[in-house]
Amino acid sequence: MNKLTTDIAVIGGGVIGVATALRLRADGRDVVVVEPNKPGSGASYGNAGTIADYAIIPVGTPAVLKNLVSLLLNSDSPLSIRKAALPTLFPWLMRFAYESLPHRYRDNTSRIADLLSNASSEWLDLASEIGASDLLSAKGCLYLYQTPEAFKAAASDVELRRNYGIAQQLLTPDEVRSLEPRLPQVHGGGLFFPNAINFTDPGEVMSVMEAAARQAGVEFVRDAVTTISRERNGVRMMALAHSIHARAAVIAAGAHSRGLALQLGERVPLDTERGYHLEFDMEAQPVERPVCPTHHGFYFCPMRGRLRVAGTVELGGLAAPSNPRRLEVLLANARRIFPTLGEPSRSWMGFRPSMPDSVPVIRPSRGGRDVVFAFGHGHIGLTLAPRTARMVSLILAA
């Protein structure tokens, strides 16, 4: 058993954990990141690559609540559940239904909007700091509405975002074609977010971020923390091959954070969304920017040398294997937009840490500031990494 002592231990080497470690190291703290896999190889790699500062609307809304049962039980819908996981997920689903009520939805939207303010500018600063600016593209993001009825139904969401100062432009079908000429005709229209930023390669961004953290003096330990407890003079973490003592710890283990929080006496209603993507190797991209056909609930994501098709939500926990049906549906829906897409070059499934209210947990643990929670970011973990790192830094400095 290897013994380590450090000032701050960050449990989790995804984008939240590594960004936090970078920030704390800049504060002059000694930092160890404990991660069982290659840093950034989970959801931080497999996402849609969008800095989605426009994504203020939680997953749970009154409209979703109205159709929740049919959505969950339809294996082809953008929001589905593995039926075998239903008994385990039932408490989470009940909380999700409550958080989808109008008054909770409004409050959750406000909280998410506050967190997302300035997310793009914070990422621009971080990318410049670590030398990843060339991996960012600033061509905006486009939502597609297939029918006039769907376009009209989006008006309330457009107005809500406008109330929070989010830049957005309503596009006619002809304007959509002008912006993305390779798209087939849509009959409803589009919604363009001109200030949105996306990564041309999330995995490469994570590699650059890890290298910057190592160069700054952050130590990475390839291990999995199994237990955490408070001691008189700090926090003790036991991993498979290491015993780690730190003055303070940050739990940033994404979907794996709930059990660690429970060991400290906190029941956090965190569960797992299973995200999927397909990739098609190609040099000439069919879209210039992330494009979301809203009726299918996924993104076309142009990346270096490939097109990524990413999205949808499957509630199914951490243990079950990848669901081939979700990949089949993703492929079929992608081909409805671009019928000439060939066979995928590769596929992926990973875990998003999901809270019923879609609001991440970024706060001191109830037992004290010696353990800080930084997890539960759902679909906005990549977007909120620099903001989360700053918030954790302020908590630990208090």
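Glu288 and Lys139 form a salt bridge in which the closest N and O atoms are 3.2 Å apart. Glu288 sits in the loop between E14 and strand E15 (291-293), and Lys139 in the loop between E5 and strand E6 (141-145), so the pair ties together parts that are 149 residues apart in sequence. The structure is a predicted model, and the distances given here are computed from it.

Are the two partners buried or exposed? Glu288 is partly exposed, since its relative accessible area is 34%, a value that lies between the limits of 20% for buried and 50% for exposed. Lys139 also counts as partly exposed, at 37% relative accessibility.

## Other salt bridges

The count of salt bridges comes to 29. One of them joins Glu210 to Arg214, with the closest N and O atoms 2.9 Å apart. These two residues are 4 residues apart in helix H11 (residues 202-216), a separation of about one helical turn. In an α-helix there are 3.6 residues a turn, so residues three or four places apart point the same way. Glu210 counts as buried at 10% relative accessibility, whereas Arg214 is partly exposed at 43%.

A further salt bridge links Arg352 and Glu273, whose closest N and O atoms are 3.1 Å apart. Arg352 belongs to strand E18 (residues 346-354) and Glu273 to strand E14, so this pair ties together parts that are 79 residues apart in sequence. Arg352 has a relative accessibility of 13% and counts as buried. Glu273 is buried too, at 2% relative accessibility.

## A network of charged residues

Which residues are linked in a network of salt bridges? The network consists of Asp201, Glu279, Asp281, Arg306, Arg308 and Arg346. Asp201 is found in the loop between E9 and H11. With a relative accessible area of 15%, Asp201 is buried, because the limit for that class is under 20%. Leaving aside residues up to four places away in sequence, Asp201 touches Leu135 and Arg306.

## Strand E17 and its partners

Strand E17 spans residues 306-315 and is mostly covered, with 10 of its 10 residues buried. Strands of a sheet pair through backbone hydrogen bonds, either parallel or antiparallel. E17 pairs with strand E14 (residues 271-281) in the antiparallel sense over 8 bridges.

Strand E4 (residues 79-81) runs parallel to E17 and is joined to E17 by 3 bridges. Leu79 has Val313 as its bridge partner in E17. The hairpin of E16 and E17 has 2 residues between the strands, and in this hairpin Gly305 takes a positive phi near 75°.

## A three-stranded open sheet

Another part of the model holds an open sheet of 3 strands in the order E3-E9-E5, with antiparallel pairing. Strand E3 (50-51) and strand E5 (136-137) stand at the edges, each with a single partner strand, so one side of each is left without a neighbour in the sheet. E5 and strand E9 (residues 197-199) run antiparallel and are joined by 2 bridges. The bridge partner of Leu136 in E9 is Phe199.

## Helix H14

What is the distance between the end C-alpha atoms of helix H14 (residues 381-397)? They are 23 Å apart, which agrees with the 24 Å that its 17 residues should span at 1.5 Å a residue. H14 has a kink of about 35°, centred on Arg387. The helix is mostly covered, as 13 of its 17 residues are buried.

## The annotated domain

The UniProt annotation, from an unreviewed entry, reads "domain: FAD dependent oxidoreductase" and covers residues 7-392. Over residues 7-392 the chain is 35% helix and 29% strand. The end C-alpha atoms of this range are 14 Å apart.

Note on methods. Residues are numbered from 1 along each chain as its sequence is written. This is a predicted model: local features need pLDDT of at least 70, side-chain atom pairs count only at pLDDT 80 or more; totals for chains, interfaces and linings use all residues. Side-chain values use heavy atoms; hydrogens and water are left out. Buried means under 20% relative accessible area, exposed over 50%, partly exposed in between (1.4 Å probe, protein chains only). Two strands pair if DSSP finds at least two bridges between them. UniProt positions are given in the numbering used here, feature names are shortened, and annotations may be inferred rather than shown by experiment. A salt bridge is a side-chain nitrogen of Lys or Arg within 4 Å of a carboxyl oxygen of Asp or Glu. The expected span of a helix is 1.5 Å times one less than its number of residues. The bend at a residue is the angle between axes fitted to the seven residues ending there and the seven starting there. Contact means heavy atoms within 4.5 Å.
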